[in-house]
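Please keep the sequence and the 3D view open while reading.

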Amino acid sequence: MPSSTAPRILLVGGGYVGLYAALRLERRLRPDEADLTLVSPENFMVYQPLLPEVASGTLEPRHAVVPLRQALRRTRLVTGRLEALDHPGRLATVAPHDGPARELRYDHVVLGLGSMTRVLPIPGVAERAVGFQTVTEAIHLRNHVLARLEVAEATDDERARRRALTFVFVGGGYTGVEALAELEDMARACCDAFTRVRPPDLRWILVEATDGILPTVEPGLAAHALRTLRSRGIEVHLETTLESAEDGRMRLSTGVEVEADTLVWMAGIRPQALTGELGLPVDDSGRLVVDSELRVAGAGGAWAAGDNAAVPDPGGGHYPPTAQHAQRAARRLADNLVATLRDEPLRPFRHDSLGELVTLGRYKGVASMRGLELRGFLPWLLRRLYYVVQVPTVNRKLRIVVDWLVGIPFRREIVSLGSLEDPRLPIDRAARETGG
Ligand SMILES: Cc1cc2nc3c(=O)[nH]c(=O)nc-3n(C[C@H](O)[C@H](O)[C@H](O)COP(=O)(O)OP(=O)(O)OC[C@H]3O[C@@H](n4cnc5c(N)ncnc54)[C@H](O)[C@@H]3O)c2cc1C
């Protein structure tokens with residue numbers, strides 16, 4: 001049991017930073033040394049790098065998340081959202097899902113609020129586009145793509161059919177490329193189960209503003225990935241932007257126009273808007289300014305890492321917003337917090353990127369790892385093994401392995417459970433049709 005005078009550590013955000021910092025603090029601190037509380041809107045942590053597999057159905061959504069109450073042994077979980085921070089007064093205001101806001105006192109606060117999709121003011125985007133950061137979005141996209149195949153199979157209207165089978169993705173970073181590649185692979189395989197929808201009927205379009213895709217992998221590999229996508233018939237429009245998406249009519253800067261029911265927006269992220277409203281210093285991109293020990297500049301007792309922080313790298317720049325950096329910075333942050341409590345010296349955060357492992361669909365991938373360039377089956381397999389090793393708890397590891405093994409001998413699941421998104425529909429219809 002923590003003693004009533006033990007320092008109170010409040011971790012905000014149950015993602016990579018929140019979970020891995022809490023796990024480390026639990027391991028390093030005796031129960032009487034600190035009182036740990038984690039605030040998270042959900043009672044699970046999302047393993048975002050596994051979302052492409054959730055979208056393509058090779059992984060159950062529940063297996064791509066880590067249940068916080070089970071992963072953490074003595075950190076108190078408060079489900080809700082941080083609303084405001086009075087750091088000089090060491091007071092956080094948290095809004096639970098229901099009921100009035102709560103005030104939580106703390107001595108140290110760890111900020112790991114992550115990022116949100118950066119939406120540009122392009123007509124139609126805010127109304128039509130779907131992002132790809134959450135489990136909800138990944139599940140929705142899977143159901144949506146399968147539902148579009150059903151629409152195309154059922155309709156005799158050629159225009160509606162073409163719209164249904166046209167999928168536009170904006171953003172050629174690894175999230176955009178992985179999501180598109182996995183979904184395209186899934187949809188092509190699912191065509192086996194349809195009589196009127198054939199793979200050549202599907203039109204997949206990737207729109208990228210720069211002159212290449214996958215900017216964070218070696219140029220040779222990125223070029224290979226581009227060739228792979230194009231060889232599958234995916235149209236990749238480089239040095240092109242989306243100008244408008246009104247009424248499902250996608251107008252590109254090159255003058256190309258297509259009608260599509262699907263627009264996936266993955267053209268960048270930004271820190272959560274709240275990050276800039278906490279009264280703590282932020283840089284021009286809205287990220288919290290931290291030193292190399294991961295303390296928020298000029299705000300003793302405030303710590304931050306991950307996508308919501310500008311973590312300095314030794315080269316004078318900042319570490320990129322990736323899971324591998326967030327996870328390792330979280331551990332360093334926790335170690336430095338422990339050192340602070342024990343009056344020991346702090347150490348700067350340093351991490352050499354392990355490289356990138358990118359899935360291009362089932363059994364296909366590219367990887368650049370410390371000068372090594374891999375393409376094809378091996379990087380795809382390495383990526384899967386890497387995440388099995390990384391995901392916390394044996395329970396999760398086993399569930400992921402079982403999902404993947406079960407997927408090998410069997411054909412793809414083609415059930416579209418989009419109706420889950422509207423559970424009140426049956427009772428509404430019953431009430432309408434029976435006058436209830
Ligand atoms: C589809 C996808 C694929 C990716 N693939 C890779 C990959 O292959 N390799 C890689 O290295 N990186 C990858 N990333 C990036 C990686 O997932 C992020 O860099 C990482 O999650 C950042 O960790 P974080 O803790 O900063 O934020 P997150 O893990 O996003 O956690 C932020 C947490 O804060 C919570 N939160 C938000 N607002 C509030 C609030 N007001 N109050 C309380 N809590 C709040 C959120 O709910 C969330 O739980 C991928 C990202 C995506 C979206």
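A residue is called buried when its relative accessible area is under 20%, counted with a 1.4 Å probe and with protein chains only as cover. The model discussed here is a predicted one.

The domain assignment divides the protein chain into domain 1, made of 8-41 + 80-117 + 270-341, and domain 2, which covers 125-267. Between the C-alpha centres of domain 1 and domain 2 the distance is 35 Å. The ligand lies between the two domains, because both domain 1 and domain 2 give residues to the shell around it.

That shell can be described by its members. There are 30 residues around the ligand, and those that come nearest are V17, Q48, L82, D307 and A323. By class, the shell holds 15 nonpolar, 13 polar and 2 charged residues.

V17, already named among the nearest residues, places a backbone N or O atom 2.8 Å from an oxygen atom of the ligand. In R81, an N or O atom of the side chain is 3.3 Å from a nitrogen atom of the ligand. For G112, a polar backbone atom lies 3.3 Å from an oxygen atom of the ligand. The ligand taken alone exposes 1,000 Å², and the protein buries 91% of that area. Two or more residues of the shell come from each of these elements: helix 1 (16-28), strand 6 (81-86), helix 7 (174-190) and helix 9 (323-341). Of the elements, helix 9 gives the most to the shell, namely 3 residues.

V135 belongs to helix 5, which runs over residues 135-154. Is V135 buried or exposed? V135 counts as buried because its relative accessibility is 12%, and the cut-off for that class is under 20%. V135 and Y47 are separated by 88 residues in sequence, while their C-alpha atoms are 9.1 Å apart in space.

The last element to look at is helix 10. Helix 10 spans residues 377-390 and has 14 residues. From its first C-alpha to its last, helix 10 reaches 20 Å, close to the 20 Å expected at 1.5 Å a residue. Which residues of helix 10 are buried? The buried residues of helix 10 are P379, W380, R383, R384, Y387, V388 and Q390.

Conventions. Residues are numbered from 1 along each chain as its sequence is written. This is a predicted model: local features need pLDDT of at least 70, side-chain atom pairs count only at pLDDT 80 or more; totals for chains, interfaces and linings use all residues. Side-chain values use heavy atoms; hydrogens and water are left out. A residue is near a molecule or strand if one of its heavy atoms lies within 4 Å of it. A polar contact is a pair of N or O atoms within 3.5 Å; within protein, one must be able to donate a hydrogen and the other to accept it, and residues adjacent in sequence count only if both atoms are side-chain atoms. Accessible areas come from the Shrake-Rupley method with a 1.4 Å probe; for residues, only the protein chains shown count as cover. Helices (H or I, at least four residues) and strands (E, at least two) are DSSP runs, numbered from the N terminus. Ala, Val, Leu, Ile, Met, Phe, Trp, Tyr, Cys and Pro count as nonpolar, Asp, Glu, Lys and Arg as charged, and the others, Gly among them, as polar. Domain bounds come from an automatic or database domain assignment. The expected span of a helix is 1.5 Å times one less than its number of residues. Buried means under 20% relative accessible area, exposed over 50%, partly exposed in between (1.4 Å probe, protein chains only).
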